[in-house]
Amino acid sequence: MDDSPLRVAVVDDDDDLRAMVALSLRLSHGCELLSCASAEQALRELPAFRPDVIVLDYMMPRMDGLQALKALAGCMDLSDTKVVVTSAAELPESSLRAQGASAMLPKPFDALRLGDYLNELCGR
């Protein structure tokens, strides 16, 4: 079992959600966290961070989550990275998986339980 901290990237244009998730993941699970306010920021910073899991909002301005996922796959190896797409809209999980997502998490979600969910998804 891997004892290193889970490396989580949260990509969401909602500042409050990012702050709440960061606080929860750091305090309750000791995660290493990268917080990105846009897909463009994620494209610049994620390759160097090398996350275990990316929590990726679907509905963002300029570049949505699936466009971001496609762009990320073009600039970094995602074979060992889980990608959880979050959205308040109903999205077919099968089409998200076909695009490279590992899971779909409907919004609103419980930020206090997110760490447990991500650890389970990553097999920890």
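This is a predicted model: local features need pLDDT of at least 70, side-chain atom pairs count only at pLDDT 80 or more; totals for chains, interfaces and linings use all residues.
Colleague: Which residues of α2 are buried?

Modeller: In α2, the buried residues are Ala 39, Gln 41, Ala 42, Leu 46 and Phe 49.

Colleague: Why are they on the same side of α2?

Modeller: The general idea comes first. With 3.6 residues a turn in an α-helix, residues three or four places apart point the same way. In this structure, the buried residues Ala 39, Gln 41, Ala 42, Leu 46 and Phe 49 of α2 span an arc of only 125° around the axis, so they lie on the same side of α2.

Colleague: Which exposed residues does the face turned away from the buried side carry?

Modeller: On that face of α2 are Arg 44 and Ala 48, both exposed.

Colleague: What covers the buried residues of α2?

Modeller: The cover includes the strands β1 (7–11), β2 (32–36) and β3 (53–57), together with helix α3.

Colleague: At what angle do α2 and α3 pack?

Modeller: Helix α2 (residues 39–49) and helix α3 (residues 65–75) pack at about 25°, and their axes are 10 Å apart. Angles under 35 degrees count as roughly parallel, so α2 is roughly parallel to α3. The crossing of the two helices is right-handed.

Colleague: Which residues meet where α2 packs on α3?

Modeller: From α2 come Ala 39, Ala 42, Leu 43, Leu 46 and Pro 47; from α3 come Ala 68, Ala 71, Leu 72 and Cys 75. Of the residues in this contact, nine are nonpolar, none polar and none charged.

Colleague: What follows α2?

Modeller: Arg 50 follows α2, and its phi is positive, near 50°.

Notes. Residues are numbered from 1 along each chain as its sequence is written. Side-chain values use heavy atoms; hydrogens and water are left out. Axes are lines fitted to C-alpha atoms, for helices over the stretch in contact, and angles run from 0 to 180 degrees between N-to-C directions. Helices (H or I, at least four residues) and strands (E, at least two) are DSSP runs, numbered from the N terminus. Angles under 35 degrees count as roughly parallel, over 145 as roughly antiparallel, 65 to 115 as roughly perpendicular and the rest as oblique. A crossing is left-handed if the near helix is turned anticlockwise from the far one by less than a right angle, and right-handed if clockwise. Contact means heavy atoms within 4.5 Å. Ala, Val, Leu, Ile, Met, Phe, Trp, Tyr, Cys and Pro count as nonpolar, Asp, Glu, Lys and Arg as charged, and the others, Gly among them, as polar. Buried means under 20% relative accessible area, exposed over 50%, partly exposed in between (1.4 Å probe, protein chains only). The arc is that of the directions from the helix axis to the C-beta atoms.
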